[in-house]
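Here is a brisk report on a single chain model.

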Amino acid sequence: MALLPLPIRCLPGVKRDGTQLEGNFYIDGQWMRFQRGLPRKMGGYRRLTDQATGIVYTMDVHTNSGVTNIHMGSGSKIEQIKITENNIVTDIFDRTPESDFTSNVNNLWQFSAFYDSTSSYVALIAHVALNLNDISNDVDGKIFIGNIDDTAALTLLTGDDIPDVSGGVVSVFPYLFAYGSNGFLTWSAPNNPNSFAVLDGGGGPDGARVTSSKIVKGLAIRGGGGNSPSALFWALDSVVRATFVGGNQIFQFDTLSDQTSILSSSSPIEYDGIFYWCGIDRFLMFNGVVREIPNQLNLNWFFDNLNYVHQQKVFAFKVPRFGEIWWCFPYGNATECTHAVVFNIREQTWYDTILPNGGRSAGQFAQVYRYPIMIGNQPVEDAGYKLWQHETGVDEFDGLYANAVPSYFETADISAVSPPEGGQSSNKALRVAYVEPDFVQTGSMKMNISGRRNARAPLVVGPDYFFDPDTQLLYPKEERRELRFRFESNAAGGNYEMGTPLAHIEPGTGTILGSR
C-alpha cells in the first residue's frame with residue numbers, strides 16, 4: 001500500500017473534559033494559543049519592576065501625555081510606577097492613605113478613574129474593604145481619592161453624605177456609584193464625587209436598594225440613547241442594569257436575571273461592548289440578555305480543580321489582539337492564581353495555560369500603552385513582587401537575564417479506526433514513515449510521537465526528533481494503533497506558528513491488546 005499523507009491538525013481548542021480518545025481537539029498545550037484555527041506560541045514578557053511591597057490584587061492603568069501610570073493595590077498599600085514615552089520605568093511611589101486606612105491581608109481594592117465635564121482633572125477613586133477572603137463580606141470600607149497622575153498619598157473622600165460601603169465603586173460619567181450589602185447602591189451629584197445623599201433626604205440624588213443580596217461589582221455600559229449614563233451591577237445572585245432617566249428619579253433599575261451567580265468580584269470583564277464573567281459553576285455573558293457561554297472543552301476541568309476557598313482571587317484579563325479573555329485561578333491546593341483558562345472569542349474555542357513564575361495575581365489589558373501588564377504573586381528575595389509587561393518578544397526578560405519560554409501542544413489521538421475523511425477504516429496500527437514540518441519558526445523545535453494499543457493501554461512515548469527552520473523531513477519510524485504528535489519550542493529566541501505538517505503513514509500490525 002502506498003504511503004498516505006495525513007495532515008497533522010485538529011480542531012482549535014484544548015479539550016480537558018471527557019476521555020482523550022473522544023473528539024478531535026488538541027489534548028494538551030502550554031503557553032500556546034490559536035489564530036486562524038492553528039496553534040502558535042504566546043508572547044514573552046519583560047520585568048518592569050520588582051519593588052511592589054505586597055501581593056497586588058487590583059491594578060489600574062492610565063496614560064496621559066506619554067506617561068503611563070500603573071496603580072497597584074495590596075493589603076497594606078497603594079503603590080504607583082510610571083512608564084515614560086521612552087519606555088523608562090520610574091521608581092515606585094507610595095500613595096497609601098496616611099489616615100483612615102487600616103492595613104489588612106484581607107483588604108481588596110476597587111479602582112475607578114473619575115472625570116467630569118468641567119475640567120481636565122482625572123481622579124483615581126479607590127475603595128477598600130475586607131473582601132479578599134469573602135465575597136459576601138458586609139463590613140463597610142472607605143473610599144479614597146487623588147489625582148490619577150500625581151504621586152501624593154490618596155485622601156479620604158469627604159463631603160456631603162459620603163457613604164461607607166462593602167462592595168466597591170464605579171465611575172459612570174458624570175456620576176460616581178458606590179455599592180455594597182443588601183443590594184444597596186448610591187450615586188454622586190453629577191461631576192462631583194464629593195456629594196452623595198444616602199436615602200436620608202440630603203441635597204444630592206438618593207440611593208436605592210435594587211436587589212436583596214450584596215452588590216460586588218459595577219461596570220459602565222453604553223446607554224440606551226444618546227450619551228445617557230448606564231451601568232451593569234453584579235449582585236451575588238442577580239444582574240441589574242441602571243439607566244439614566246433624569247427628573248427626580250435620576251436612574252431606573254431593571255433586574256436582568258435573578259437566577260445567576262458570580263464567582264469573584266474581579267471576574268467580570270467587558271470585551272467590545274459585551275460582558276463576560278465566571279459564575280460559581282458556569283461561564284456567563286451579557287449581550288442584551290444574560291446567557292451561558294458554551295464550553296464543551298474545559299468547563300469541568302476548571303470548576304473541578306478551582307480552589308473555592310480562594311475564589312475571590314480569580315481575575316479576568318484580556319488580550320484583544322488575539323481575541324482572548326483569560327480567567328486566572330488557583331488550581332488544586334494553590335492559594336494564589338497558578339493557571340488560566342482562556343476563551344478565544346474570535347476562534348470561539350477554549351484552552352488553558354500554566355501561568356509563569358509561579359503565577360500572577362492581577363492584570364490589565366493593553367490600551368494606550370500597547371502591552372498588557374500582569375504582576376507576579378511570588379516575592380523576590382531582598383526585593384518585592386515583579387510587575388511584568390506581557391506580549392513582548394518571545395522570551396522572559398528578567399533584568400539582564402533572558403530565559404526561554406517553553407511552549408508546546410499535543411494533537412488528538414489519530415487511528416485507522418477513525419481515518420481521515422475519504423480513508424478506509426482498519427483495525428491495524430499506523431506506522432509513521434516520515435513527517436514534513438510546516439511552521440513559521442525561529443529556533444529549534446522538537447517532535448515526539450506517543451500512543452497506545454487501545455484507550456486503556458499504557459502510554460508509550462517515543463524519542464524526541466529535533467528540527468530547525470530549514471529541516472525538510474523527519475524520519476521517526478514510529479508505530480502506534482492510537483497515536484498523537486507533540487511539538488515543543490523551548491529555545492532562547494524560539495517561536496512558532498503552525499501551518500499544515502504532513503505525516504506520511506502506512507498500515508502496521510493489528511495488535512490491539514496490551515499484556516494481560
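## Salt bridges across strands

Lys446 is partly exposed, with 23% relative accessible area. Buried here means under 20% relative accessible area, exposed over 50% and partly exposed in between, with a 1.4 Å probe and protein chains only. This is a predicted model: local features need pLDDT of at least 70, side-chain atom pairs count only at pLDDT 80 or more, and totals for chains, interfaces and linings use all residues. Residues are numbered from 1 along each chain as its sequence is written, and side-chain values use heavy atoms, with hydrogens and water left out.

A salt bridge is a side-chain nitrogen of Lys or Arg within 4 Å of a carboxyl oxygen of Asp or Glu. By this rule the count is 27.

| Arg36 | Glu497 | 3.6 Å |

Strands are DSSP runs of E with at least two residues, numbered from the N terminus. Glu488 counts as buried, at 12% relative accessibility.

Glu482 in strand S46 and Arg452 in strand S42 are 30 residues apart. Both ends are buried: Glu482 has 5% relative accessibility and Arg452 has 10%. Shared partners join Glu410, Asp413, Arg452, Arg481, Glu482 and Arg484 into one salt-bridge network.

Arg36 and Glu497 form another salt bridge. Arg36 sits in the loop between strand S5 (32-35) and strand S6 (38-41), and Glu497 in strand S47 (residues 495-498), so the pair ties together parts 461 residues apart in sequence. Arg36 is exposed at 55%. Glu497 is partly exposed at 21%.

## An open sheet

Four strands form an open antiparallel sheet in the order S1-S48-S40-S45. Strand S1 (4-7) and strand S45 (478-480) stand at the edges with a single partner strand each, so one side of each has no neighbour in the sheet. The twist averages 40° from one strand to the next. Axes are lines fitted to C-alpha atoms, and angles run from 0 to 180 degrees between N-to-C directions.

Two strands pair if DSSP finds at least two bridges between them. Six bridges join S40 (residues 430-436) to S48 (residues 502-507).

## Cores and two buried residues

A nonpolar core is a set of buried Ala, Val, Leu, Ile, Met, Phe, Trp, Tyr and Cys residues joined through side-chain atoms within 4.5 Å. The largest has 46 residues, of which Trp326, Met447, Phe485 and Phe487 touch the most other members. A second, separate core of 23 residues includes Tyr276, Leu297, Phe303 and Phe329.

Met285 lies in strand S27 (residues 283-286). It is buried at 7% relative accessibility. Beyond four places in sequence, Met285 has contacts (heavy atoms within 4.5 Å) that include Tyr276, Trp277 and Val290.

Ser261 is in the loop between strand S24 (250-257) and strand S25 (269-271). It is buried at 12% relative accessible area. Beyond four places in sequence, Ser261 touches residues including Leu236, Trp277 and Leu284. A polar atom of the Ser261 side chain lies 3.0 Å from the backbone nitrogen of Ile280.

Terms used:
A polar contact is a pair of N or O atoms within 3.5 Å; within protein, one must be able to donate a hydrogen and the other to accept it, and residues adjacent in sequence count only if both atoms are side-chain atoms.
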